[in-house]
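Reader: I would like to go through the labels on this model one by one. Please give the rule behind each.

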Amino acid sequence: MRVSLDCDNPFTFQVRNRLKYDRNTMIVSLGDPRSGKSESEKAIGRDVDIHDDFDHKHISFLPQDYMKQIRTFGEGHFIQFDEPGAEWSNRKFMSVENTMLNFTHITFGSKKINVGWAVPILRMQDVASRMLVKYTFTMIPNGPKGMSLFYANWVDKFSGKSGRTRYGMCWFAPAFPDKPEEEKEYLEMKKQYQDQSYEKYWNELIKRDKKEEEEEGSKVMEVKKAKMLRIMAEITKKPYKYKTKKGKWNYAKIGFDFEVNTLMARDIVNIMESK
């Protein structure tokens with residue numbers, strides 16, 4: 001059933017009420033692809049956004065868009081970062097994640113706004129970052145889509161030791177069951193992001209293959225150059241051995257002795273004579 005917005009639901013009530021006391025909340029949903037973490041975050045946004053206007057415009061798929069939304073949206077809104085997995089495989093994303101957390105940390109110090117992340121995994125390297133995440137919803141791997149374990153996270157301010165308390169299992173109803181157009185906008189936005197990611201990684205793959213071909217070609221040229229220099233050194237020692245009785249170069253003899261084709265033999269001779 002849909003999560004209610006009154007005190008009967010302590011989670012929704014507390015997140016909304018925290019803003020009244022200048023307390024921001026970061027909520028993270030973790031899980032495998034297609035486990036329901038994005039839908040859970042959308043449902044949370046729908047219920048805890050004080051303005052009750054949460055829609056696809058509050059959702060971002062790129063780190064720079066997420067940080068832009070945090071800066072541009074007014075206080076009381078819920079901003080969702082939805083990472084469908086295309087970027088997470090990138091090794092550089094861990095550093096980007098830390099940048100996003102730092103940006104969120106700075107924003108929480110001056111702006112009453114709540115944020116949610118839907119990501120496969122979360123690695124927080126420092127205590128300050130761990131202190132940001134108040135609640136986590138971990139999707140149950142083999143359970144119904146959207147079914148999760150609900151945790152409250154805490155950090156000991158003295159020792160820096162972090163931990164979490166499990167409150168039980170949770171499931172959020174679809175965020176926009178009565179707004180098919182809103183759901184359509186979200187899916188189109190997500191598809192556009194994925195298409196751009198496919199194109200990006202395809203181009204990167206082509207670029208990498210081309211670079212490997214160029215490097216391989218460069219290696220071949222280096223080997224060829226070294227071989228030609230060695231052949232020229234040998235010919236210079238006994239040039240008469242590789243000439244005919246008329247004093248012309250015997251390309252066939254050069255090719256036979258040094259195991260190269262006639263064309264390469266001509267190239268070697270031309271280089272020698274040009275020096």
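Author: Below, each label is set against its rule.

Author: This is a predicted model, in which local features need pLDDT of at least 70, side-chain atom pairs count only at pLDDT 80 or more, and totals for chains, interfaces and linings use all residues. Residues are numbered from 1 along each chain as its sequence is written, and side-chain values use heavy atoms, with hydrogens and water left out.

Reader: What makes up the protein in terms of helices and strands?

Author: There are 8 helices and 7 strands. Both are DSSP runs numbered from the N terminus: helices are H or I with at least four residues, strands are E with at least two.

Reader: Why is V133 called buried?

Author: Buried means under 20% relative accessible area, exposed means over 50%, and partly exposed lies in between, with a 1.4 Å probe and protein chains only. V133 has 2% relative accessibility, so V133 counts as buried. V133 sits in strand β5, residues 133-139. In sequence, V133 and V28 are 105 residues apart. In space, their C-alpha atoms are 7.0 Å apart. Across the 275 residues of the protein, 41% count as buried.

Reader: Why is T236 called exposed?

Author: Its relative accessible area is 52%, so T236 is exposed. T236 belongs to helix α6. T236 and M272 are 36 residues apart in sequence, with 8.7 Å from C-alpha to C-alpha.

Reader: Is Q80 buried or exposed, and how do you know?

Author: Q80 counts as buried because its relative accessibility is 0%. Q80 lies in strand β3, residues 78-82.

Reader: Which residues does Q80 touch?

Author: Contact means heavy atoms within 4.5 Å. Leaving aside residues up to four places away in sequence, Q80 touches S38, E41, K42, F54, H58, I59, S60, Q69, G116 and A118. For the protein, contacts with a separation of 6 or more are taken together, and residues 24 or more positions apart account for 63% of them.

Reader: What makes K42 and E39 a salt bridge?

Author: A salt bridge is a side-chain nitrogen of Lys or Arg within 4 Å of a carboxyl oxygen of Asp or Glu. The closest N and O atoms of K42 and E39 are 2.8 Å apart, so the pair meets the rule. Both residues lie in helix α2, residues 37-48. They are 3 residues apart, about one turn of the helix. K42 counts as buried because its relative accessibility is 0%. E39 has 25%, so E39 counts as partly exposed.

Reader: What makes W202, L205 and I206 a surface patch?

Author: Patches are made of residues with over 30% relative accessible area and no salt bridge; like charges are joined within 9 Å, and nonpolar side chains (Val, Leu, Ile, Met, Phe, Trp, Tyr) within 5 Å. W202, L205 and I206 form a nonpolar patch with about 300 Å² of accessible area together. Accessible areas come from the Shrake-Rupley method with a 1.4 Å probe, and for residues only the protein chains shown count as cover. I206 is partly exposed because its relative accessible area is 41%. I206 is in helix α6.

Reader: Which residues form the negative surface patch?

Author: D209, E212, E213, E214, E215 and E216 form it. Asp and Glu count as negative, Lys and Arg as positive; His and the chain ends are not counted. A charge is placed at CG of Asp, CD of Glu, NZ of Lys or CZ of Arg. E212 has a relative accessible area of 44%, so E212 is partly exposed. E212 lies in helix α6, residues 180-237.
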